[in-house]
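Student: Could we go through this structure together, step by step? I would like to learn how to read it.

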Amino acid sequence: MDVFGSFTLLLAFVCAVYAFVGGIAAIITRHPLLIKSTRQAGIATCVLIFIGTFSLAYLLFSDNFSQAYVVSHSNRDLSAFYKVAALWSGQEGSLLFWSFLLAIYVISVLIAYRHKNGELMPYVGVILAGVQIFFLTLNNFVESPFKTLANVSASGVLTPFIRLDGNGLNPLLQYPEMVIHPPNLYSGYTGFTIPFAFALAALLARYPGEKWIHLTRKWTMVAWCFQSVGILLGAHWAYAVLGWGGYWGWDPVENASLLPWLTGTAFLHSVMMQEKRGMMKVWNVWLVFATFLMCILGTFLTRSGVVSSVHAFANSQIGPWFVSFMALTLIVCFVAYIKNHDYLKSENQLDSMVSRESSFLFNNLLFLVACIAVLSGTLFPVFTEWFTPSRISVGAPFFNKIMIPIGLAILFLTGVGPLLAWRKTSTDSMKRNFTWPLAFGALSAVVAYVLNYRNAYALVCFFLCGFVFWTIVMEFYRGAKVIAARSGMGLMMSAHELAMRNTRRYGGYVVHFGMVLIFIGLAGAAFNTDVQKTMNLGDSMKLGPYTLVLQTADTKPEKNYTAERMIVEVMKGNKQIMMLYPEKRAFQGRDQANGTMVAIYSTLREDVYVVFAGMDPDTNLPVIHAFLNPLVKWIWLGGVWVVMGTLLALMPNRRAALVLSAVTQPAVSPVAPALTPSVTLREGHD
Amino acid sequence: MIKRRNLLALVFVAALSVLPLIAQQQQTDRVKAIGGKFQCMCGCSQVLTQCNHVGCTMSAAMLKNLGDWVNRGDSEATITQAFVQQFGTTVYAEPPKSGFSLIAWGMPIAYFVLGAALVLFVISRWRKRPQAVGVDAAAPVTASGAKISPEAMERGRAQAARETED
């Protein structure tokens with residue numbers, strides 16, 4: 001199966017090269033058969049990558065310990081659930097998994113548009129094939145997942161051998177979210193290849209701007225949604241597994257995932273300027289390019305070892321490959337832009353500084369500043385090594401100081417944008433639109449202050465959350481009121497109808513609502529407290545309004561690990577709230593490898609987060625580290641709303657058709673019934 | 001009179017007894033504040049005061065040193081110097097606001113200022129740019145008397161339809 005897998009990947013590489021070279025020839029000659037054959041080569045590439053990936057999965061599931069990758073990342077006792085995660089837990093597997101996810105996108109595009117956009121698709125096919133060639137080069141020639149174990153004899157002869165068992169999966173990855181988080185994040189990274197391919201193709205083919213934007217809008221939203229979910233799942237995994245009490249540590253790998261998300265979010269906003277006003281064409285093209293390059297750069301940072309990270313892959317030789325690919329991509333983008341930039345001229349002018357257009361520009365500015373600030377902070381230690389004799393670390397305190405004000409400014413614009421009209425907003429309209437949201441924002445800050453959330457940044461955040469929330473409520477209320485008046489439906493049903501008629505706009509507002517919840521949760525971090533204590537059985541510790549009592553401890557043998565478990569009773573006053581079971585897990589396979597399982601009692605107000613931190617080396621008693629983290633649950637709830645909003649935005653609009661129908665009215669004259677046109681609503685989809 | 005004097009003495013003694021507690025709290029706060037600016041050197045990349053590895057010899061020793069220096073009344077600069085001498089500049093959790101590291105702090109501000117200047121420049125250019133509209137003799141007339149070509153009207157209608165969609 002390893003030879004088979006290896007062969008399919010090699011064949012996939014050949015097909016991708018044909019799709020690339022043949023595609024360029026097809027663009028030049030415009031020969032229909034050549035166009036068709038290169039498209040089919042593109043599809044064949046994807047199918048072969050699927051087969052190669054399933055071959056590796058088969059080797060993992062069949063415990064084939066003649067394979068180096070299987071030995072390094074799996075063992076016999078590993079459950080089938082986590083054997084799936086073993087597929088991307090190592091460098092080679094994760095690169096193959098990247099090709100696999102990219103192939104899903106590529107085959108979907110090639111099949112979905114096989115009879116459409118004849119002028120554009122050959123270019124798109126070539127660009128996608130180019131990206132696939134790069135990853136297949138890594139899969140085949142640099143980091144192949146199909147390497148057989150062999151002994152080398154004194155005479156230099158290789159003798160294959162089979163290990164009895166493997167080293168097992170990294171304990172940190174043996175957590176359910178780790179089976180979902182990487183595929184989501186990778187789907188985000190790879191998904192941004194599609195808008196990139198369309199943008200570059202449109203630039204090369206001088207294809208009308210609105211068309212490629214329209215074609216790729218949903219692909220971008222899908223990629224963005226995966227990226228958002230991936231980031232949030234990663235944050236939740238860090239929170240629930242790493243046991244340091246937080247969810248975001250500004251680690252280089254976390255930062256790498258945030259970079260394309262920031263530029264992608266900027267693009268999703270500025271794209272509206274191009275669709276509606278024919279403006280910001282150059283900006284949008286470069287935002288898409290930048291998003292794709294950030295995906296590649298993020299992968300480079302994660303895997304090259306250029307920056308140290310707690311969960312970066314080990315140092316490897318693939319760094320130069322990624323740098324070369326990024327440089328090549330950048331050169332192609334620049335050449336395409338310089339050659340065809342005249343076709344990206346703006347069609348309209350700006351009527352007023354106080355308009356939605358301006359708010360989009362400033363929104364984009366902030367997202368980009370955030371992206372560059374994170375990038376430069378992440379790379380700063382490398383710069384210091386180049387220019388000074390020593391390396392200077394840049395950790396969480398730096399990023400918090402820089403990013404909190406930027407985040408708050410973005411939140412402010414989230415509320416301001418919908419309140420401003422396209423083209424120009426009058427002073428009267430501003431007064432009318434801003435009064436209530438500002439009042440609600442102020443009320444939110446006062447309530448937060450009364451509830452003892454007293455921190456300057458947090459209070460500003462609560463004020464802005466209230467402000468944005470009320471703008472969203474107003475947007476729904478105004479639209480729903482009109483529909484309710486015309487149709488006679490209730491306000492809630494009208495709001496639903498409103499959202500379904502313009503899913504993109506109202507889906508966007510739902511996403512904004514989710515972001516408000518996330519910001520509330522983030523503001524809670526200003527009030528985190530923690531206590532660490534060495535505890536004997538029966539001892540207690542105070543944590544805010546709670547008392548934690550260490551009741552007992554036990555050992556729980558499982559198939560792949562043995563858990564040492566503390567049983568901690570959580571009391572509030574004299575009332576028992578619940579029992580928590582923080583664990584330390586000793587995994588088989590890897591020598592003495594330990595994992596943590598945090599126990600969390602989560603409410604909307606706060607999380608009681610208990611970690612069994614280990615045994616005190618002096619007293620040999622368990623050490624319990626407990627955190628009181630306010631409002632964390634709002635972050636995960638916000639994430640759910642972000643996903644729901646994106647799904648809503650992806651749905652087609654429901655049309656409200658005005659239908660003239662003859663309705664019999666009570667007869668005015670006894671001669672004949674009057675036929676009067678009446679307006680009814682009929683649902684449809686566009 | 002004696003009673004009042006006794007009462008004053010009692011308050012004075014009580015205040016004196018609370019002072020060490022306040023001082024201790026201030027010391028603890030100072031340790032937390034200064035410790036938040038350094039990384040634990042065990043390789044966990046966590047802030048010194050947040051390193052949660054039980055038995056981590058590095059954070060325990062570093063925190064003990066920090067506590068001693070704070071109790072001795074050393075200034076933050078002196079403490080920083082001592083840590084940097086011991087571990088090198090990788091001990092910083094955030095770059096110092098001096099020398100080459102100032103670039104790290106200045107960069108985001110510079111990006112914002114440059115970006116804002118660029119946005120304002122773009123906006124001003126967009127606002128100045130004249131809109132090319134073909135004019136027909138028989139075209140409809142606006143309120144101000146300007147004539148509008150049928151193509152411009154059609155474009156306007158299409159634009160209005162587009163802009164009122166969302």
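Student: Which residues of α6(A) and α8(A) meet?
Tutor: Happy to start there, and keep in mind that this is a predicted model. On the side of α8(A), the residues are A:Thr193, A:Ala197, A:Phe198, A:Leu200, A:Ala201, A:Leu204 and A:Ala205. By class, this contact has 11 nonpolar, 1 polar and no charged residues. The residues they meet in α6(A) are A:Tyr123, A:Val124, A:Ile127, A:Leu128 and A:Val131.

Student: How are α6(A) and α8(A) placed, roughly parallel or oblique to each other?
Tutor: Two packed helices are described by the angle between their axes and the distance between the axes. Here the axes are 8 Å apart and the angle is about 130 degrees, and the crossing is right-handed. Angles over 145 degrees would count as roughly antiparallel and 65 to 115 as roughly perpendicular, so α6(A) and α8(A) are oblique.

Student: α2(A) also packs with α6(A); what is the hand of the crossing of α2(A) and α6(A)?
Tutor: Helix α2 (residues 32-61) of chain A and helix α6 (residues 121-142) of chain A have axes 10 Å apart, at an angle of about 35 degrees. Their crossing is left-handed.

Student: Into which classes do the residues of the contact of α2(A) with α6(A) divide?
Tutor: From α2(A) come A:Ile35, A:Thr38, A:Arg39, A:Gly42 and A:Thr45, while α6(A) brings A:Pro122, A:Gly125, A:Leu128, A:Ala129 and A:Gln132. Gly is counted as polar here. The division is 4 nonpolar, 5 polar and 1 charged.

Student: How do α16(A) and α18(A) run, roughly parallel or roughly antiparallel?
Tutor: The axes of helix α16 (residues 456-487) and helix α18 (residues 503-523) of chain A come within 9 Å and cross at roughly 160 degrees. Angles over 145 degrees count as roughly antiparallel, so α16(A) and α18(A) are roughly antiparallel.

Student: How many nonpolar residues are in the contact of α16(A) with α18(A)?
Tutor: α16(A) passes α18(A) in a left-handed crossing. Among the residues making the contact are A:Phe462, A:Phe469 and A:Ile472 of α16(A), and A:Phe513, A:Val516 and A:Ile520 of α18(A). The contact has 1 polar residue and 1 charged residue, and the nonpolar ones number 14.

Student: Let's look at one residue: is A:Met221 buried or exposed?
Tutor: A:Met221 is found in helix α9 (residues 209-242) of chain A. Leaving out residues up to four places away in sequence, A:Met221 touches A:Leu268, A:Thr646, A:Ala649 and A:Leu650. A residue needs 20 or more C-beta neighbours within 10 Å to be buried; A:Met221 has 22 inside 10 Å, so A:Met221 counts as buried.

Student: Now for chain B: what is the order of its elements from the N terminus on?
Tutor: Chain B has 5 helices and 0 strands. Of its 166 residues, 19% count as buried. From the N terminus on, the order is α-α-α-α-α.

Student: Which element gives the most to the side of chain B that touches chain A?
Tutor: The contact takes 37 residues from chain B and 44 residues from chain A. On the side of chain B, the elements giving two or more residues are α4 (102-128) and α5 (150-165). With 12 residues, the one giving the most is α4(B).

Student: And how do the residues on that side of chain B divide by class?
Tutor: The side of chain B that touches chain A has 7 charged residues and 13 polar ones. Its nonpolar residues number 17.

Student: Where in chain B is confidence lowest among the elements, and where is it highest?
Tutor: Chain B averages a pLDDT of 75, and 64% of the residues score at least 70. Over residues 132-138 of chain B, pLDDT stays under 50. Where pLDDT is low, the predicted coordinates should not be read in detail. Among the elements, the lowest mean is 61, in α5(B), and the highest is 90, in helix α3 (residues 76-87) of chain B.

Student: Which element of chain A has the highest mean pLDDT?
Tutor: Chain A averages a pLDDT of 87, with 93% of the residues scoring at least 70. The pLDDT is below 50 over residues 657-686 of chain A. Strand β14 (residues 675-685) of chain A has the lowest mean, 40, and the highest, 96, belongs to helix α19 (residues 632-650) of chain A.

Notes
Residues are numbered from 1 along each chain as its sequence is written. Chains are lettered from A and ligands numbered from 1 in the order in which they are written. This is a predicted model: local features need pLDDT of at least 70, side-chain atom pairs count only at pLDDT 80 or more; totals for chains, interfaces and linings use all residues. Helices (H or I, at least four residues) and strands (E, at least two) are DSSP runs, numbered from the N terminus. A residue is buried if 20 or more other C-beta atoms lie within 10 Å of its own, exposed if 12 or fewer, and partly exposed in between; C-beta atoms are placed from the backbone. Two residues are in contact if their C-beta atoms, placed from the backbone, lie within 7 Å. Axes are lines fitted to C-alpha atoms, for helices over the stretch in contact, and angles run from 0 to 180 degrees between N-to-C directions. Angles under 35 degrees count as roughly parallel, over 145 as roughly antiparallel, 65 to 115 as roughly perpendicular and the rest as oblique. A crossing is left-handed if the near helix is turned anticlockwise from the far one by less than a right angle, and right-handed if clockwise. pLDDT is the predictor's confidence in each residue, from 0 to 100.
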